[in-house]
Amino acid sequence: MSGQRALAGVLRADAAAPRADLLLWRALGRAVLGWRTLLVLALIFGGWELYVDLGGADPLILPPPHQIAQSLYEDRSLLWSNFLVTAQEIVFGILAAAAAGLALAVSLHLSRALRRAVYPLLVASQAIPIVLIAPLLVLWLGFGFFPKLVVIAMVCFFPIVVTTLDALAAVDPDLLKLMRTFDAPRIRTFRHVELPAALPGLFTGMKIAVVFAPIGAVFAEQAGSNAGLGYVFQQAIPQLLTARAYAAVLILAVFAIALFALLSGAERMLLPWAYEPRGEGQR
């Protein structure tokens with residue numbers, strides 16, 4: 001019965017399509033505009049402002065929030081132009097990691113021998129500090145866009161592979177049995193059962209990757225670049241323009257939140273069956 005319910009959820013996907021825009025805005029509102037989040041931020045920034053004003057820290061080292069806001073306005077042209085560079089690197093890096101991660105996860109799922117050979121190496125690769133790899137990649141590949149893309153994709157790759165592979169391994173066995181009952185070819189079983197089951201895992205990995213992508217972008221830009229928020233941060237600190245440096249960090253944080261919200265909305269829009277109620281008593 002559980003397999004039949006899951007299959008029915010997939011078939012009802014088109015019926016949920018007219019609500020796609022509403023789901024996107026709801027996800028964005030929950031992630032960005034929640035009043036509880038705004039309240040917590042107000043308390044944090046208020047306490048931060050009070051702490052610096054009372055002499056708890058030198059404003060040159062820890063600028064108060066009002067100086068950061070002032071820098072956001074006065075340096076808006078500089079910050080915006082460099083943000084566009086970093087945002088492009090992050091978006092394309094996540095997309096590249098998603099494509100490669102999905103391909104590898106599917107390959108490992110379909111071949112047990114390949115999984116036994118490659119998976120330990122995949123885990124071991126995460127023990128290599130990206131702060132050491134980024135300068136070497138920049139020296140090897142140059143100072144353009146491509147090495148930044150590679151660094152960000154490397155940072156985002158592992159969580160996408162793991163979550164997608166776990167989703168593939170958790171496919172409802174009743175659905176697989178149903179497809180075998182109909183004597184469905186292996187490729188059709190994968191297309192209609194396993195791939196739809198893998199997509200929620202892919203989106204989960206991408207949402208995790210959103211957190212790490214700005215870190216990879218900053219490391220890559222600091223290793224060798226003349227543009228991007230990481231470059232702005234690196235140039236601001238020696239000049240004691242710490243408010244500008246904090247403004248760059250704040251922009252990266254807000255961008256990560258926005259990307260997470262957009263991915264959540266896209267997931268609800270494209271994969272409505274993943275949000276079907278589970279259990280007899282749920283509606």
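This is a predicted model: local features need pLDDT of at least 70, side-chain atom pairs count only at pLDDT 80 or more; totals for chains, interfaces and linings use all residues.
**Nonpolar cores**

The largest nonpolar core comprises 34 residues, and those with the most contacts inside it are Leu 79, Ile 90, Ile 94, Cys 156, Ile 160, Met 206 and Leu 229. Two or more residues each come from H3, H5, helix H8 (145-169), H10, helix H11 (229-236) and H12. The greatest contribution is that of H12, with 9 residues. Ile 90 illustrates the packing: beyond its neighbours within four places in sequence, Ile 90 is in contact with Ile 152, Ala 213, Pro 214, Ala 217, Leu 252, Phe 255 and Leu 259. Another core, of 8 residues, lies apart from this one and has Ile 130, Ile 133, Ala 134 and Val 150 among its members. In soluble globular proteins, nonpolar side chains tend to be buried together.

Helix H8 also holds Thr 164. This residue, Thr 164, counts as buried because its relative accessibility is 0%. Residues up to four places away in sequence aside, Thr 164 touches Leu 102, Ala 105, Ala 198, Gly 201 and Leu 202.

**Helix H4**

Pro 65, Ile 68 and Ser 71 are the buried residues named in H4. Because these residues cover an arc of only 115 degrees around the axis, they lie on the same side of H4. An α-helix has 3.6 residues a turn, so residues three or four places apart point the same way. The cover over the buried residues of H4 includes helix H3 (35-53), H5 and H12. On the face turned away from the buried side, H4 carries the exposed residues Tyr 73 and Glu 74. The ring of Tyr 73 has the charged end of Arg 76 over it, 4.2 Å from the ring centre.

**Salt bridges**

| Salt bridge | Closest N and O atoms |
|---|---|
| Asp 75 – Arg 244 | 3.2 Å |
| Lys 207 – Glu 267 | 2.9 Å |

Asp 75 is buried, with a relative accessible area of 15%, whereas Arg 244 is partly exposed, at 22%. In the other salt bridge, Lys 207 is joined to Glu 267. That pair also links distant parts of the chain, with Lys 207 in helix H10 (residues 186-223) and Glu 267 in helix H12, 60 residues apart. Both Lys 207 and Glu 267 are buried.

**Aromatic contacts**

The count of aromatic pairs is 5. One of them is the stacked pair of Phe 45 and Trp 48, at 5.9 Å centre to centre and with 25 degrees between the planes. Phe 45 and Trp 48 are separated by about one helical turn because they are 3 residues apart in helix H3. Phe 45 is partly exposed, with a relative accessible area of 31%, while Trp 48 is buried, at 18%. Together with Tyr 246, Phe 45 and Trp 48 form one aromatic cluster. Elsewhere, the charged end of Arg 115 sits over the ring of Tyr 119, 5.5 Å from its centre.

**Backbone at Leu 240**

Leu 240 lies in the loop between H11 and H12. Although not a glycine, Leu 240 has a positive phi of about 60 degrees. Most residues other than glycine have a negative phi.

How values were computed: Residues are numbered from 1 along each chain as its sequence is written. Side-chain values use heavy atoms; hydrogens and water are left out. A salt bridge is a side-chain nitrogen of Lys or Arg within 4 Å of a carboxyl oxygen of Asp or Glu. Buried means under 20% relative accessible area, exposed over 50%, partly exposed in between (1.4 Å probe, protein chains only). Helices (H or I, at least four residues) and strands (E, at least two) are DSSP runs, numbered from the N terminus. The arc is that of the directions from the helix axis to the C-beta atoms. Contact means heavy atoms within 4.5 Å. A nonpolar core is a set of buried Ala, Val, Leu, Ile, Met, Phe, Trp, Tyr and Cys residues joined through side-chain atoms within 4.5 Å. Rings of Phe, Tyr and Trp (its six-membered ring) pair if their centres lie within 6.5 Å; planes under 30 degrees apart count as stacked, over 60 as edge-to-face and the rest as tilted. A charge sits over a ring if NZ of Lys or CZ of Arg is within 6 Å of the ring centre and within 35 degrees of the ring normal.
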